[in-house]
Amino acid sequence: MAGSERREVDGKGRPKTSDSRRDVRTARGERGETEREPGHPLAMGRAMREASEQLAGLLGKRPESVSAVKHTEEGWQADVEVLEIPRVPDTTSVMASYRVRLDERGRLTEYERRRRYARGQIDHGDR
């Protein structure tokens, strides 16, 4: 299939990679900062990083930002912005907003693309 790419994943469903951020995280322990005592929720900042990193592994595209994050009864929910189609000029590039859900331990449980838009598009609020 043209354009498809097969990625190796580890035992936790994450792509195997040798980038330096992965090496640093492995040096601190596989889950690094996410390991905590029972009863202590995952910190918001760590939830944002986990949402971005895990979505990047699934999509094969680096997220550009996290536009929203909130704690839910099941764990965390985040909206992650991803560059889908780069174009020139950059303001015409196609972006996508993904809704990502993590459990209390920071593991990705689901994601969905909510919308696609041109990078230069300005939101006018809910209408």
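Trainee: In which sense do strand β2 and strand β3 pair, and over how many bridges?
Mentor: This is a predicted model. In it, β2 (residues 75-85) and β3 (residues 94-103) run antiparallel and share ten bridges. Within that pairing, Trp76 sits opposite Leu102 of β3.

Trainee: What order do the four strands take in the sheet?
Mentor: The order is β1-β2-β3-β4, in an open sheet with antiparallel pairing.

Trainee: And which strands stand at the edges?
Mentor: β1 (63-71) and β4 (108-118). Each has a single partner strand, so one side of each has no neighbour in the sheet. On average, neighbouring strands are turned by 20° against each other, ignoring direction.

Trainee: Different topic. Which residues make up the largest nonpolar core?
Mentor: There are twelve, among them Leu42, Ala47, Ala51, Leu55, Trp76, Ala78, Tyr98 and Leu102. The elements giving two or more residues to this core are α2 (44-59), β2 and β3.

Trainee: What is Ala78 in contact with, leaving aside its neighbours within four places in sequence?
Mentor: Ala51, Val66, Ala68, Val69, Tyr98, Arg99 and Val100. Of these, Ala51, Tyr98 and Val100 are also listed in the core.

Trainee: What is the mean pLDDT of the chain?
Mentor: It is 78, with 66% of the residues at 70 or more. Residues 1-7 fall below 50, and that stretch has two contacts beyond near neighbours in sequence. Residues 18-36 are also below 50, but there the model has 33 such contacts.

Trainee: How should low pLDDT coordinates be read?
Mentor: Not in detail.

Technical notes. Residues are numbered from 1 along each chain as its sequence is written. This is a predicted model: local features need pLDDT of at least 70, side-chain atom pairs count only at pLDDT 80 or more; totals for chains, interfaces and linings use all residues. Side-chain values use heavy atoms; hydrogens and water are left out. Two strands pair if DSSP finds at least two bridges between them. Axes are lines fitted to C-alpha atoms, for helices over the stretch in contact, and angles run from 0 to 180 degrees between N-to-C directions. A nonpolar core is a set of buried Ala, Val, Leu, Ile, Met, Phe, Trp, Tyr and Cys residues joined through side-chain atoms within 4.5 Å. Buried means under 20% relative accessible area, exposed over 50%, partly exposed in between (1.4 Å probe, protein chains only). Contact means heavy atoms within 4.5 Å. pLDDT is the predictor's confidence in each residue, from 0 to 100.
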